[in-house]
Amino acid sequence: MPKFDIKVIQAELDQGLLRPFYWIWGPELLKGRELLKRIRKVAQTNEWGEENLDGSEVDGATICDSARSLGLGGGVRLVVVRDAHQIKGPEALTLLFGPAAPQSETSSVCVCFAKDFDARKKFSKLLADGAAVVSCDEVLEDQREAWVQYLAKRQGVQVSAQSLRRLTCMEPWTLDLIAQELDKLLVAGSESESVIRDTPGVWSSDEWVDHFFTKNRAATLRQVAHLAESPDQALPLLGLLSWNAKQLAGFLADAEFGTGAFKTHPFQLNRLKQWSQFWKLMEVIELQRELFLLDLSLKQTPLMPLGLWTTLMNKFGH
């Protein structure tokens, strides 16, 4: 199934080339929205020449009519369709398909955002043959840090090493969620960084996670009362533990079976090498199960958080 890499489309736009029809799909639609900004810039579309439609409310023929209508004030007419996977009668959209051409030779551009691309459907085969199908794939774990730094620079946010590690290890992880977290940092400043307070000093969540995976039970237990009283910090910390447990399991499995398939960013790789001295693969798998049960208990049962966290520390600490 042919598809266009975003970089290929970006290269065309850098040359002033536009395609009359784009089908953008996948979990990381922030990439697609960034692409739309570049399409809009090359198309030189003004505020009167752009129309936004909902795919659940219009059919393919209506979208074609909108794209072919005359724009006002010059520039290329731009039609943006969200939830395009819900369009009825999508086959009519093939009338808009065509090759890349200079902006001066392009009358309209249709950009459809969809949640998926089902290659089994007849229309999907038509898309693959005649349109620019752009997949916004998930960001690989070893690429997360670079994306965080890119978004931070774009949003004008100064990110500390601690925040960079926290944002890289968040779960669930999407570009949209990272952009939201960076907005929070921009508004609140460095004071918004998640910390676990101790007496007399202050520990970062990153440092606490390191204590946990080096099985420093005494150090982790000192924070149990705070975790039990502060669910706004405890739940994100639980997400960090789960993500790092998944990484450690992958690292240990790769070391045990020699697949060479495990990839992560250099900072995380160094930590995993250190932590691996304290863990066996089956033990980490058990930890993943316990973290899932802890998350379930904290959110859905009346059990006391203090007891739940203490049990976890005692079971996996030394």
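Begin by selecting strand S4 (residues 77–82) and strand S6 (residues 108–114), which pair in the parallel sense over five bridges; pairing requires at least two DSSP bridges between two strands, and helices (H or I, at least four residues) and strands (E, at least two) are DSSP runs numbered from the N terminus. Within this pair, Leu78 has Val109 of S6 as its bridge partner.

The model is predicted, so local features need pLDDT of at least 70 and side-chain atom pairs pLDDT 80 or more, whereas totals for chains, interfaces and linings use all residues. Residues are numbered from 1 along each chain as its sequence is written, and side-chain values use heavy atoms, without hydrogens or water.

Next, display the open sheet, in which five strands run in the order S3-S4-S6-S2-S7 with parallel pairing. Its edge strands, S3 (50–54) and S7 (132–135), each pair on one side only.

Move to helix H3 (residues 60–68), where Gly60, Ile63, Cys64, Ser66 and Ala67 are buried, that is, under 20% relative accessible area with a 1.4 Å probe, protein chains only (exposed is over 50%, partly exposed in between). Seen down the axis of H3, the buried residues fall within an arc of 160 degrees, so they line one face of the helix; the arc is that of the directions from the helix axis to the C-beta atoms. On the other side of H3, Asp65 and Arg68 are exposed. The cover over the buried residues includes S3, S4 and S6.

Finally, select residues 190–202, where pLDDT (the predictor's confidence in each residue, from 0 to 100) stays under 50. Where pLDDT is low, the predicted coordinates should not be read in detail.

Conventions
Contact = heavy atoms within 4.5 Å.
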